[in-house]
Amino acid sequence: MSKFVVEKARAMDGSVTVGGSKNAALPILAATILADSSSTINDVPDLADIGSMLELLRCLGATVSKDKNSVTVSCKKLLCDVTSYELVSSFRASFLLMGPLLAKCKKAKISLPGGCPIGARPVDLHLKGLAYMGAKINQGHGYVEAKCKKLTGADIYLDFPSVGATENLMMAASLADGQTVIENAAVEPEVVDLANFINSMGGNISGAGTDTIKVTGVESLKGSSHTVIPDRIEAGTFAAVAAITGSRIQINNVVTEHLKPITAKLKEIGADVKESGGSLTVDARAKIKAANIKTLPYPGFPTDMQAPYTAIMSVAEGTSIIVETIFENRFLHVPELMRMGAKIKIDGRAAVVEGVKSLTGAKVRATDLRAGAALVLAALAADGETEISGIEHIERGYSEFDTKLQSLGVNIERME
Ligand code: EPZ
């Protein structure tokens with residue numbers, strides 16, 4: 001099993017460029033099957049989950065070609081049967097094929113993705129919305145089987161502003177008969193990017209980015225080309241690198257609007273943040289102070305930044321309270337950080353972090369992608385060497401993480 005070996009980092013002064021958003025690229029690649037002709041998606045990050053999605057599209061009968069970060073997908077003939085529990089359960093975003101398959105082929109059979117370390121990850125909101133649109137849904141033997149004559153527009157109120165449910169329902173509604181209104185919809189930038197892509201294919205979606213999205217179904221959609229928005233969580237993670245090492249780092253290829261909850265918190269803990277065009281410079285050469293966070297749906301503080309932020313707080317001045325409201329089990333990085341000397345107490349959905357002067361290097365294990373990133377961050381502030389195993393989790397969400405850190409001056413090696 002591959003691992004990272006990481007040394008404590010000195011204060012750095014450099015720049016790094018982040019890639020396209022994993023969480024925008026995945027639904028957009030799923031949406032390509034809605035079209036009758038081929039689409040080209042640019043700035044697709046080179047990640048394991050993306051590879052799995054492309055593999056699934058091929059299993060469906062699509063023709064997929066990839067040239068570095070540009071992917072062309074054409075779906076003339078679709079098999080409409082997504083099986084392979086192994087492939088589906090290895091990444092949850094596979095369930096985003098449910099809406100497009102139902103819309104395009106009127107049937108779909110997808111293995112239930114199952115839970116993952118951070119939570120049960122149910123799909124009840126996806127299925128409830130699809131049922132309102134006329135899908136007949138059966139669950140059994142670990143599969144969800146859905147079929148319909150033709151999806152019809154419906155008024156759907158989401159119990160929770162689920163990102164995936166909003167995306168699945170938007171895709172399903174784009175070819176349905178009539179209008180669908182999704183209320184209490186997720187407003188994340190990745191939802192907006194997906195809506196923009198569907199509209200570029202001839203779709204009719206309005207309100208994306210607000211909590212009420214209106215989709216008027218059209219007869220058909222044609223392939224289009226689209227460039228994925230930058231990855232706001234990768235950008236936030238490199239901002240966390242600056243904060244935890246007392247460095248100044250210029251982060252290129254960002255949409256500063258998407259980073260507002262993160263930059264606001266960076267300023268609160270004492271970092272200087274400058275925005276110019278598509279770049280963000282984080283100067284954390286002054287001592288970082290503790291500040292509380294509570295994760296919330298966008299535009300609140302993103303749950304995907306909670307683990308990296310917990311790492312920063314473990315060496316900040318003072319005590320902070322970190323509340324995770326989105327996933328029920330997203331503190332898996334805490335026991336590993338404590339092995340490195342962090343002083344953290346978990347009480348239900350809250351973690352109380354008492355900042356220490358410095359951490360100590362240790363052998364630790366990544367359990368999920370953002371927890372893994374948190375361990376790399378902690379290693380940068382730990383005396384001695386840290387060995388991080390389970391880095392396949394990290395590489396599901398961060399492309400070339402080690403090489404980008406090396407370019408900043410970090411001593412990180414990948415060991416097979
Ligand atoms: C997306 O997951 C992201 N993944 C996650 O990023 C991100 O953490 C999450 O949104 C929240 O922002 C992708 O976009 C591929 P949700 P998703 O549906 O869509 C509950 C990462 O690290 N829920 O908004 O699965 C659910 O249990 C990953 O890049 C239901 O109860 O998130 C959770 O508690 C991790 N029923 C909450 O809603 C449902 O039908 C948020 O889930 C759906 C969700």
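This is a predicted model: local features need pLDDT of at least 70, side-chain atom pairs count only at pLDDT 80 or more; totals for chains, interfaces and linings use all residues.
Q: How many residues of domain 1 and of domain 2 are in contact, and what area is buried between them?
A: The size of an interface is often given as the accessible area lost when the parts come together. Here 22 residues of domain 1 are in contact with 19 residues of domain 2. Carbon and sulfur atoms give 56% of the area buried between the two domains. That buried area is about 1,700 Å².

Q: How many salt bridges are counted between domain 1 and domain 2?
A: Side chains of opposite charge can pair when their charged atoms come close. A salt bridge requires a side-chain nitrogen of Lys or Arg within 4 Å of a carboxyl oxygen of Asp or Glu. Between domain 1 and domain 2, the count is two salt bridges.

Q: How far apart are the closest N and O atoms of Asp49 and Arg396?
A: The cut-off for a salt bridge is 4 Å between nitrogen and oxygen. Asp49 and Arg396 form such a bridge. Their closest N and O atoms are apart by 2.9 Å.

Q: Which strands hold Lys3 and Glu387, whose side chains meet in a salt bridge?
A: The chain has a count of 16 salt bridges. In the bridge of Lys3 with Glu387, the distance from N to O is 3.3 Å. This pair links distant parts of the chain, 384 residues apart, with Lys3 in strand β1 (residues 3-7) and Glu387 in strand β24 (residues 385-389).

Q: Where do Asp36 and Lys104 lie?
A: The side chains of Asp36 and Lys104 meet in a salt bridge, at 3.5 Å from N to O. The two residues are 68 residues apart, and their pair links distant parts of the chain. Asp36 is partly exposed at 43% relative accessibility, and Lys104 is partly exposed at 22%. Asp36 lies in the loop between α1 (22-31) and β3 (39-42), and Lys104 in helix α4 (residues 98-105).

Q: Which helix holds both Glu55 and Arg58?
A: An α-helix has 3.6 residues a turn, so residues three or four places apart point the same way. Glu55 and Arg58 are three residues apart, about one turn of the helix. They form a salt bridge, with the closest N and O atoms 3.7 Å apart. The helix that holds both is α2.

Q: Is Ser52 buried or exposed, and which residues does it touch?
A: Ser52 lies in helix α2 (residues 48-59). A residue counts as buried under 20% relative accessible area, and Ser52, at 13%, is therefore buried. Leaving aside residues up to four places away in sequence, Ser52 touches Leu87, Ser90 and Phe91.

Q: Which residues does Leu375 touch, not counting residues up to four places away in sequence?
A: Leu375 is found in helix α12 (residues 369-380) and is buried, with a relative accessible area of 1%. The residues touched by Leu375 are His333, Glu336, Leu337, Val364, Arg365, Ala366 and Ile388.

Q: How many residues of helix α10 (residues 306-313) are buried?
A: The buried residues of α10 include Gln306, Pro308, Tyr309 and Met313. The helix is largely enclosed by the rest of the structure, because the buried residues number eight of the eight.

Q: Over what arc do the buried residues of helix α14 (residues 401-408) lie?
A: The buried residues of α14 are Phe401, Asp402, Lys404, Leu405 and Leu408. They are on the same side of α14, because the arc they cover around the axis is only 165°.

Q: How many disulfides are there?
A: A disulfide requires two cysteine sulfur atoms within 2.5 Å. For Cys59, the nearest cysteine sulfur, that of Cys75, is 13 Å away. For Cys75, the nearest is that of Cys105, 8.8 Å away. The count of disulfides is zero.

Key
Residues are numbered from 1 along each chain as its sequence is written. Side-chain values use heavy atoms; hydrogens and water are left out. Buried means under 20% relative accessible area, exposed over 50%, partly exposed in between (1.4 Å probe, protein chains only). Helices (H or I, at least four residues) and strands (E, at least two) are DSSP runs, numbered from the N terminus. The arc is that of the directions from the helix axis to the C-beta atoms. Contact means heavy atoms within 4.5 Å. Buried area is the accessible area (1.4 Å probe) that two parts lose on being put together, summed over both.
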